[in-house]
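This briefing covers nonpolar packing and aromatic contacts. Look at the chain first, then read the points by topic.

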Amino acid sequence: MLSILKCGTTAPQFSLLNHDGQAVKLSDFQGQKVLVYFYPKALTPGCTTQACDLRDSKAQLAQSGVVILGISPDLPAKLQNFIEKKGLNFTLLSDPDHQVAEQFGVWGEKKFMGRVYDGIHRISFLIDENGVIEQVFDKFKTKDHAQLVLDYLQK
């Protein structure tokens, strides 16, 4: 059973390596809205669809003051490959020991084709300018993720 962080909760502070091997901290974005999206694995069909959707909507999200941070267990070299192959225009972060995923409550049991294993659940958090979780997105199709966030921001 996942214990996903709820709206109104202060987001856990973290520091992870990005696709260039540089440390990125959530606190680097204090005063900005941040969409922290967790995804299972770079260069897989669903994760690629989701990343490309966010890539194509980055300008609109930026107009609403939102920075995008994607987090997966992939190592920085694979993230760099993902960015280069798909022309991604936002930061990807490496969480190989799934420590940050666990803090946000998105690491847990999954079932796929009869197999049960632990992994990242595809859940996103919109964190406000003060570091508080403003909205949790946990039910969406990968191709509609950015539109869901934009619709929320326009309310």
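Buried means under 20% relative accessible area, with a 1.4 Å probe and protein chains only. By that rule, Tyr37 and Phe90 are both buried. The model is predicted.

**Nonpolar cores**
- The largest nonpolar core holds 25 residues. Those with the most contacts inside it are Phe14, Phe38, Ile71, Phe104, Phe125, Ile127 and Ile133.
- Strands E3 (33-38), E4 (66-72), E8 (124-127) and E9 (133-137) each give two or more residues to this core, as does helix H4 (99-104).
- Tyr37 and Phe90 pair edge-to-face, at 6.0 Å centre to centre and 65° between the planes. This pair links distant parts of the chain, 53 residues apart. Tyr37 is in strand E3, and Phe90 is in the loop between helix H3 (76-86) and strand E5 (91-94).
- Phe137 and Tyr152 also form an edge-to-face pair, at 5.9 Å centre to centre and 80° between the planes. Phe137 lies in strand E9 and Tyr152 in helix H5 (residues 145-153), 15 residues apart.
- Phe137 counts as buried because its relative accessibility is 5%, and the cut-off is under 20%.
- Ring pairs join Phe14, Phe38, Phe104 and Phe125 into a cluster.

**Charge over a ring**
- Arg115 lies over the face of Tyr117, at 4.6 Å from the ring centre.

Definitions and conventions
Residues numbered from 1 in each chain as written. Predicted model: local features only at pLDDT ≥ 70, side-chain atom pairs only at ≥ 80, totals over all residues. Heavy atoms only, no water. Core = buried A, V, L, I, M, F, W, Y, C linked by side-chain atoms within 4.5 Å. Buried < 20%, exposed > 50% of the residue type's maximum accessible area, 1.4 Å probe, protein only. Helix = DSSP H or I, 4+ residues; strand = E, 2+ residues; numbered from the N terminus. Phe/Tyr/Trp six-rings, centres within 6.5 Å; stacked < 30°, edge-to-face > 60°. Lys NZ or Arg CZ within 6 Å of the ring centre and 35° of its normal.
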